[in-house]
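Hello,

Here is the structure I said I would pass on. My notes on it follow below.

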Amino acid sequence: MPDRHEEERSDDGSIGLPDLGDNIDAVTFEQILEMDDDEDDRDFSKSIVIGFFEQAEQTFMKMDKALKEKDLELLSNLGHFLKGSSATLGLTKVKDSCEKIQHYGLKKDEAGTTLVDDDELCLSRIKDTLATVKEEYAEVEKVLRRFYQL
């Protein structure tokens, strides 16, 4: 029987690493999987992923509120927070979008290199990027829920 990570779909229908898609860095995610004591249960990595889901949902709600309140500093902090969490799991697109939110909240451009002295422009960019990151999150959540059969 092939290793779970080498097959695309097991007998029970769960997906293997080849199906994680381009939103998840397989090398980083596999490092999390290597911490599991049991490849069948994957309790350790599953708990990290479930914790991330809860954390992301709460952070998105805080971001929505901060956006309504036009709190750029808080938006930057929340972007930074979620960037770190998503990077740990290898969620590259989510991480990149959160980094943009962090930069916009600091009143900088997308790359964080040039100051932008226009709060409304920064808020508009955050609004657009927040919509994008929520879509990216929904994609990886779907894949990870399938992977863990949640």
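Which helices do the buried residues of α1 pack against? They pack against α2 (43–68), α3 (72–89) and α5 (119–148). Please keep in mind that this is a predicted model.

The buried residues in question are Phe29, Ile32 and Leu33, in a helix that covers residues 26–33. Viewed down the axis of α1, the buried residues fall within an arc of 105°, so they line one face of the helix. As background, an α-helix has 3.6 residues a turn, so residues three or four places apart point the same way.

Of its 150 residues, 41% are buried. The accessible surface is about 8,400 Å², and carbon and sulfur atoms account for 47% of that. Among contacts between residues at least 6 apart in sequence, 62% join residues at least 24 apart.

The other item is the aromatic residues. There are six aromatic pairs in the structure. One of them is Phe52 with Tyr137, a tilted pair with 6.1 Å centre to centre and 55° between the planes. Phe52 belongs to helix α2 and Tyr137 to helix α5, so this pair ties together parts that are 85 residues apart in sequence. Phe52 counts as buried at 4% relative accessibility, and Tyr137 counts as buried at 3%. For Phe147 and Tyr148, the ring centres are 5.0 Å apart and the planes are at 85°, so that pair is edge-to-face. Both Phe147 and Tyr148 are buried. Finally, Phe52, Phe53, Phe60 and Tyr137 form one aromatic cluster.

Regards

How values were computed:
Residues numbered from 1 in each chain as written. Predicted model: local features only at pLDDT ≥ 70, side-chain atom pairs only at ≥ 80, totals over all residues. Heavy atoms only, no water. Buried < 20%, exposed > 50% of the residue type's maximum accessible area, 1.4 Å probe, protein only. Helix = DSSP H or I, 4+ residues; strand = E, 2+ residues; numbered from the N terminus. Arc of directions from axis to C-beta. Contact = heavy atoms within 4.5 Å. Areas by Shrake-Rupley, 256 points an atom, 1.4 Å probe, with all protein chains shown as cover. Phe/Tyr/Trp six-rings, centres within 6.5 Å; stacked < 30°, edge-to-face > 60°.
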